[in-house]
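Some labels used for a protein structure rest on simple cut-offs.

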Amino acid sequence: MTTPHNTPTSYETAHRSFRDIERAALIDFARNAPVAMGFGFMDDAGHHQDGHGVELWINGRFTHTFALEYMLGNESVSDLVDFGIHTLRWRLRDQQHGGWFSSILPDQGEQAGLHKTGIPFDQEGSRKAAYAHAFVILAASSALMAGHGDAQKLLDDALNVFDERWYEPQHHKVCESYDRQWHTSEPYRGINANMHTVECMLAAYDATGDSELLNRARLIVDFVLSQASETSWRIAEHYDQQWNLDMDYNRNRPADPFRPWGATVGHGLEWARLTMQTACALAARGIDACSEAKRKNDMAGRATEGVGCDNAAGADIPKTDGFYIGDGKEGVASGVVGDVNTSGTPVAVNPVVAEGAVRSEFFSAALELTKRALADGWHVDGTPGFVYTTDFDGHPIVHERMHWVVCEALNTANVAQRLLEAGVSEGTQSMQNAAGALVKEFKANQVTWWDYAKKYLIEKPGQWREELDRSNRLSTKTWVGKPEIYHAYQALILPDIDPTCSFAAALKHSC
């Protein structure tokens with residue numbers, strides 16, 4: 001298999017220009033987000049939406065995104081990074097009981113002193129949530145990598161609360177939520193909160209070098225892959241507090257924004273990317289990304305902690321059937337399929353890390369998750385787009401198309417493409433041929449999904465429609481407005497950075 005070419009094609013050059021322009025427009029739109037007490041929940045025009053507080057997960061995402069933009073050389077967002085860090089350290093922090101409120105009032109008038117804690121938006125806003133806490137860690141990690149002076153304090157605080165309140169070592173996963181005083185834990189455990197925990201653990205590992213954070217990410221990924229392998233690579237997300245699967249949870253709420261019933265197509269794709277990036281982080285340490293069961297077997301008789309589970313040098317590349325979604329479906333541009341490097345000017349990927357990741361069990365599982373999500377989710381109801389959820393036989397339940405699913409599809413395909421390009425330089429000819437075929441398909445899919453985004457999702461530069469119906473018209477069934485830019489922003493920058501580590505680490509060139 002040949003390595004990526006170094007001279008961009010005309011398509012690559014144009015696509016890179018589009019991404020740069022769109023990224024700048026996205027940041028300009030996001031400048032509307034600040035309100036008195038933090039980043040607000042934006043409507044279609046960029047104004048704060050009535051009925052929403054200043055929400056913790058939104059503020060974590062904005063702070064993370066502005067930190068990345070600062071690292072890309074845009075110093076004009078430095079005040080927005082400051083604003084986000086201050087909001088997370090003071091306004092959303094519960095100074096009385098510890099942890100962070102889920103949401104606070106957007107404007108508290110004279111009560112809004114510089115270092116005053118916000119007032120919970122409502123009873124639900126006073127609760128503590130692991131899902132939102134993950135974005136505090138992500139934001140602090142990215143801001144630390146960007147060199148913000150207060151980021152270390154925020155990260156230390158967030159990791160301490162994580163250890164004390166959220167992480168359940170007996171399960172190697174996080175619990176879901178607590179009341180304000182931390183008296184009662186919700187008797188529910190969810191994969192969504194644990195997915196973003198993996199994301200923030202990888203980012204915090206890159207920021208601190210603490211290998212325990214990477215190990216926690218690995219154990220969560222291993223659990224999800226083990227469970228998904230038993231449900232045809234559809235991810236079951238809902239459990240009780242002892243981690244017993246609850247297949248009926250929220251059956252009457254299939255369009256729930258955070259805990260929908262059924263299998264969430266976009267989460268299959270997001271887990272695939274995070275699984276590949278976990279494999280890369282492990283490979284960079286010389287550790288194979290494999291199942292815990294295999295690791296324990298392989299560790300028997302070994303004296304070196306954390307090493308083992310080695311794959312044979314001739315590990316197979318999975319079959320390519322099921323990844324190409326072109327074939328008459330909208331968006332594949334003629335003359336570019338098989339000759340598109342969406343990276344623009346290619347960014348070098350460490351071939352040793354890529355090879356270790358590609359030959360791992362985790363990478364194979366990530367491809368299975370991707371294959372299932374594409375088969376179940378893309379263009380399955382007569383029009384282009386990814387459906388939101390399916391049942392566990394793959395039948396669509398909620399046909400709405402969320403913008404974030406397309407973004408995660410783009411990210412996953414880009415990571416897989418570039419790992420295969422860099423990681424399969426040796427081996428049998430059949431292996432290289434199989435990898436080359438996968439690369440071609442992942443490239444073609446990215447062209448299709450970018451074309452879809454341009455046609456249906458991007459209303460105007462920097463403004464992505466949050467949700468569409470099955471006919472690709474604006475929908476508000478689950479989401480209203482344009483509350484955040486995190487997914488779109490990451491999809492716009494990933495092709496230009498190293499995909500083997502967290503976004504901030506890649507921008508700091510420390511993968």
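A polar contact is a pair of N or O atoms within 3.5 Å, and within protein one must be able to donate a hydrogen and the other to accept it. The model discussed here is predicted.

Q: What makes the pairing of the side chains of His 399 and Asp 381 a polar contact?
A: The distance is 2.8 Å. The cut-off is 3.5 Å, so the pair counts as a polar contact.

Q: Which residues does His 399 touch, not counting residues up to four places away in sequence?
A: Asp 381, Val 387, Asp 469 and Arg 470. His 399 itself is found in the loop between β13 (396-398) and β14 (401-402).

Q: Why is His 399 called buried?
A: Its relative accessible area is 17%. Buried means under 20%, so His 399 is buried.

Q: How do you know that Cys 501 and Cys 511 form a disulfide?
A: Their sulfur atoms are 1.7 Å apart. The limit is 2.5 Å, so the pair qualifies as a disulfide. A search of the whole structure finds one disulfide.

Q: What parts does the pair of Cys 501 and Cys 511 tie together?
A: Cys 501 lies in the loop between α14 (486-493) and α15 (503-507), and Cys 511 in the segment after α15, so the pair ties together parts that are ten residues apart in sequence.

Q: Why is Cys 511 called partly exposed?
A: Its relative accessible area is 46%. Cys 501, at 10%, is buried.

Conventions:
Residues numbered from 1 in each chain as written. Predicted model: local features only at pLDDT ≥ 70, side-chain atom pairs only at ≥ 80, totals over all residues. Heavy atoms only, no water. Helix = DSSP H or I, 4+ residues; strand = E, 2+ residues; numbered from the N terminus. Buried < 20%, exposed > 50% of the residue type's maximum accessible area, 1.4 Å probe, protein only. Contact = heavy atoms within 4.5 Å.
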